[in-house]
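Thanks for sitting down with this one. Let's go through it by asking what each label rests on.

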Amino acid sequence: SIDLKFEKEISLQSLLVFLERTYPELNESPQNLLTHCSIALNENYALPETFEDIKLCDGDEVALLPPVSGG
């Protein structure tokens, strides 16, 4: 869990770019975590095509959900 504060409103896409730049290991091979994760905002899935339009507010919870497999 990371608690981030930004001085201005940012989009979900901007947050993902920030995380990739701050924590480059999240997108290194073989995991490529940020590329393959599903993203949830306040317990609702967000579609990749909406990431730029979604503006984050103070107190929003963003979850990175890695792919799972198994039986």
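Q: In what order do the elements of the protein chain run from the N terminus on?
A: They run β-α-α-β-β-β-β, with 2 helices and 5 strands in the protein chain. Helices (H or I, at least four residues) and strands (E, at least two) are DSSP runs, numbered from the N terminus. This is a predicted model, in which local features need pLDDT of at least 70, side-chain atom pairs count only at pLDDT 80 or more, and totals for chains, interfaces and linings use all residues. Residues are numbered from 1 along each chain as its sequence is written, and side-chain values use heavy atoms, with hydrogens and water left out.

Q: What is the average pLDDT of the protein chain, and where is confidence lowest and highest?
A: pLDDT is the predictor's confidence in each residue, from 0 to 100. The protein chain averages 86, and 94% of the residues score at least 70. Confidence is lowest in α2, at a mean of 80, and highest in β3, at 96.

Q: Why is Ser-11 called buried?
A: Buried means under 20% relative accessible area, exposed over 50%, and partly exposed in between (1.4 Å probe, protein chains only). Ser-11 has 3% relative accessibility, so it counts as buried. This serine is found in strand β1. Leaving aside residues up to four places away in sequence, Ser-11 touches Phe-51, Glu-52, Ile-54, Lys-55 and Leu-56, where contact means heavy atoms within 4.5 Å.

Q: Is Cys-37 buried or exposed, and what about Cys-57?
A: Cys-37 has a relative accessible area of 12%, so it is buried. Cys-57, at 48%, is therefore partly exposed.

Q: How many disulfides does a search of the whole structure find?
A: The search finds 0. To count, a pair of cysteine sulfur atoms would have to lie within 2.5 Å.

Q: Which residues of helix α1 are buried, and what puts them on the same side of α1?
A: In α1 (residues 12-22), the buried residues include Leu-12, Leu-15, Leu-16 and Leu-19. They cover an arc of only 100° around the axis, which puts them on the same side of α1; the arc is that of the directions from the helix axis to the C-beta atoms. As a general point, an α-helix has 3.6 residues a turn, so residues three or four places apart point the same way.

Q: What covers the buried residues of α1?
A: The cover includes β1 (10-11), α2 (33-36), β2 (38-41), β3 (44-46), β4 (55-56) and β5 (62-65).
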